[in-house]
Amino acid sequence: MKTSKSDISEAVYVGYIRSLFQDVGVLPLGAACFALVSLLLYHKTGGLVYLIFAGLLLFAGTFRYYLINRIDPQQISDYESALYWERRYVLWGTLHGLVVGSFGLVAMVWGDNSFSELAALSLVLGGTITVAGRNYGSRKMVTILTLALVAPLALGLMLKGDIYHFALGLFIVPFIFIIMKMADLVRTVLFTAISEEKRSASLARRFNRALNTMPHGLLMFSPEGRIVVANAQVVELMSFRSTKQMLGRSLKALLSRGVAAGLMERKDVQFAEQQLTRAMREGRDRKVLLRLTDGRHLEFSAREGRDELGVLTFEEVTSRIEAEERVRYMARYDSLTGLPNRAYFNEIVTEFMESSDPARLCGLAVLDLDDFKSINDTLGHPVGDGLIYAVADRLSSFAGDDVKVSRFGGDEFMIFFNRLEGEDDLVLRLDAIFEKLRGDVDVAGHQLRVQLSAGAVLVRADSDDVGAMIVKADLALYTAKEQGKNNWRLFETQMDAAFRSRQTLKADLRSAIEAQSLRVVFQPIIDVRTMQISGCEALCRWDHPELGPISPAEFIPLAEEMGIVSEISTMVLNVACRECARWPEHLRVSVNLSARDFHCSSVVDKVQQILSKSGLAADRLELEVTETALLDDKATTRVYLEELKKLGVTIALDDFGTGYSSLSYLHTLPLDKIKIDGSFLVDVTRNERSLRLLTGVVDLSRNLGLSVTVEGVETFSQLKILTKKVHPDLVQGFLFGSALTASGIETMSDKSWTFGGNTRTALNPASA
Ligand code: C2E
Ligand code: CA
Ligand code: CA
């Protein structure tokens, strides 16, 4: 093994050279022994040379000791200094070795008696043995010293002149190699030790670095539950000055310090400590969340440790906890009103109903704002939201321990009463709620009147579940709406029956559509100038096998609810176009479309295909749409209407005056005609104001470039006023007959109605 920089690392070399300068205490002792033996020889032989050697040996040993001892091994720190000091060491050692070697030679050759030979032999060989132990750090030194000691001795023996001494001299030569080998061995051992130490030191450094830069706090416990490792995060959290301060403490002591510092609550700490200690003891993985008094959250994880050491880590999870809380809140509460949402309400109520006292009475009410949609549509969603918020605000003042309020979605609210005395109690409470909710609210400068309908149900806690209560309350709400809104109704059993029959009716309608058993009839529309039929409106008919004829006013909404109304529209469009194509060319046909037909862009393609299939000129087809369809989604509906108009089809606004009839948007929509609802005619013959209203609407529409049809004309006097004062373009109503079959229209096509001055006599269709 060579001590060059390239062969072994600098650190190992430095380690070797340092070893030369350690534990030199035996040197003066050795020197003293040598000097004494030399003195002994002097005394025995009287040879002056031994006296000189005694002095030389003592001096060489102690001076070498002095020189070595002067040096602090720590000052040998790098390759250069190690090289320097090795040279020094070798120089001193060589001088010392030469002195001892010469003594051996002199005593052997010139001693001339067996004692001096014995002294030389034992002393020099004894010294040789120590060479390896003392100087293994420098191979050069070992070589030189062994040579300096053994070679003169061997030489001295061989010079004795007899064969025995010669052989002895020869045999001690291998000593040189043995000693050198021993030194090599020791050096190897040392090399391994130094490398190991180096490796573990760097491992420890890395481990420390990893430990103290990780975001987690980490603690390791001995089997006795005492801290043996703690990283910087723990030190910082617990405001210790150093890791050392923490070692030997228990988890309990550590956490108590946190409590004392006001960082943690005692009760939280007790729980956490028990759970974690048990987990570590039982070797289970366990997580415990600890809330700090400053609002931060730490998550402790106990892990099964190796070698029976428990490992505890913790990390700050405040943002995760906050996010979880936000998500949980969002999942449970409505973002606009802050009220529990549908899912959470169901959860709360279920829990309530399953709790104690199953015989008590519970109540549930579903509240729904009347015509909320049109507020949204006409004033915009922000105003709609404002109204919902205002209602929620008033409603939440009723919420309490036993009363839970929820926004169920849209404009629908739920109230649950956990404990009611009886029906009167429920009535009183709901009346109070209605009282509070009704009235005007100011939303962004708009004075809005809150009108709502509600359905309520009263049950024994153990008789129904939330789902059943909601169905019943919904049925009651449905009835309340049907009966004119702005009111509330309590659920009655027959509502359930009505609901069930409604479900049966839906199924029957589906079958009727599939069996193509719906019919189309046509109601004449009369041109006021010529009093001749100018076209007709296609109306759908359903003859129920058991219930007889069912009004489209009833089954069309059902079909809309079921999402199958477009199938009806398609059927009616097909029949209407086919029939109209056979009629004289001056007759046109109107077909009613539902709001739902405009939910899909295919409506345009459908109309086009049906027109081309029937061969009907597009300008003979009129489509009637209601305000609801137009308001549903103005942007897309407008696009579809414009595309339809491009086909050449005309568009009429149906039932004007029944909804939120606002003339303001009429001119912005691609309309050709408006059809004024029959309700405008009701007292037009008796009431001047009604007449003025009707005339106003007609004039205004005409100014907007729209032609006008008045529907629901039933009497002569109505017709008279219309022709004399109102001047619509077209009229329609039972006065001119109810709906006919297609062939009936064809026969009527060239008839004109005479209007014989006396409005009391029947109008007779006269041949043209
Ligand atoms: P609508 O579009 O206003 O149709 C006119 C309704 O008024 C028809 O009722 C008609 O029979 C009725 N009527 C006609 N003249 C008079 C009158 O002088 N006095 C009174 N009081 N009523 C008169 P019908 O056929 O029961 O239809 C009701 C509603 O059902 C229709 O009202 C229309 O909105 C809808 N509807 C009918 N057929 C269809 C259809 O094929 N598709 C769609 N989407 N809706 C349809
Ligand atoms: Ca119509
Ligand atoms: Ca109408």
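In which helix is Met748 found?

Modeller: Met748 is found in helix H27, residues 742–748; helices here are DSSP runs of H or I with at least four residues, numbered from the N terminus. This is a predicted model, where local features need pLDDT of at least 70, side-chain atom pairs count only at pLDDT 80 or more, and totals for chains, interfaces and linings use all residues. Residues are numbered from 1 along each chain as its sequence is written, chains are lettered from A and ligands numbered from 1 in the order in which they are written, and side-chain values use heavy atoms, with hydrogens and water left out.

Met748 is buried because its relative accessible area is 14%, where buried means under 20%, with a 1.4 Å probe and protein chains only. Its C-alpha is separated from that of Asn703 by 32 Å.

Now ligand 1. Its surroundings hold 21 residues, each with a heavy atom within 4 Å of the molecule. Among the closest are Arg541, Asp654 and Phe734. Three polar contacts follow, meaning pairs of N or O atoms within 3.5 Å. A polar backbone atom of Phe734 is 2.7 Å from a ligand oxygen. A backbone N or O atom of Cys540 lies 3.1 Å from a ligand nitrogen. A polar side-chain atom of Glu711 lies 3.4 Å from a ligand oxygen.

A pocket is an open set of points on a 1 Å grid over the protein atoms alone, with protein on both sides within 12 Å along at least five of seven lines, and lining residues have an atom within 4 Å of a point. The second largest pocket has a volume of about 390 Å³, taken as the space filled by probe spheres set on the points. Helices H2 (26–45), H4 (79–109), H5 (114–135) and H6 (139–158) each give two or more residues to its lining. That lining has 20 residues, with Leu27, Gly30, Phe34, Gly127 and Thr130 nearest the centre. They divide into 11 nonpolar, seven polar and two charged, with Gly counted as polar.

Last, helix H16, residues 381–396. Its 16 residues reach 22 Å from first C-alpha to last. That is close to the 22 Å expected at 1.5 Å a residue, computed as 1.5 Å times one less than the number of residues. Buried residues in H16 include Val383, Leu387, Val391 and Leu395.

Definitions and conventions
Buried < 20%, exposed > 50% of the residue type's maximum accessible area, 1.4 Å probe, protein only. Polar contact = N/O pair within 3.5 Å; in protein donor to acceptor, adjacent residues only side chain to side chain. 1 Å grid on protein atoms, 1.4 Å probe; cavity = no way out; pocket = protein on both sides within 12 Å on 5 of 7 lines; lining within 4 Å.
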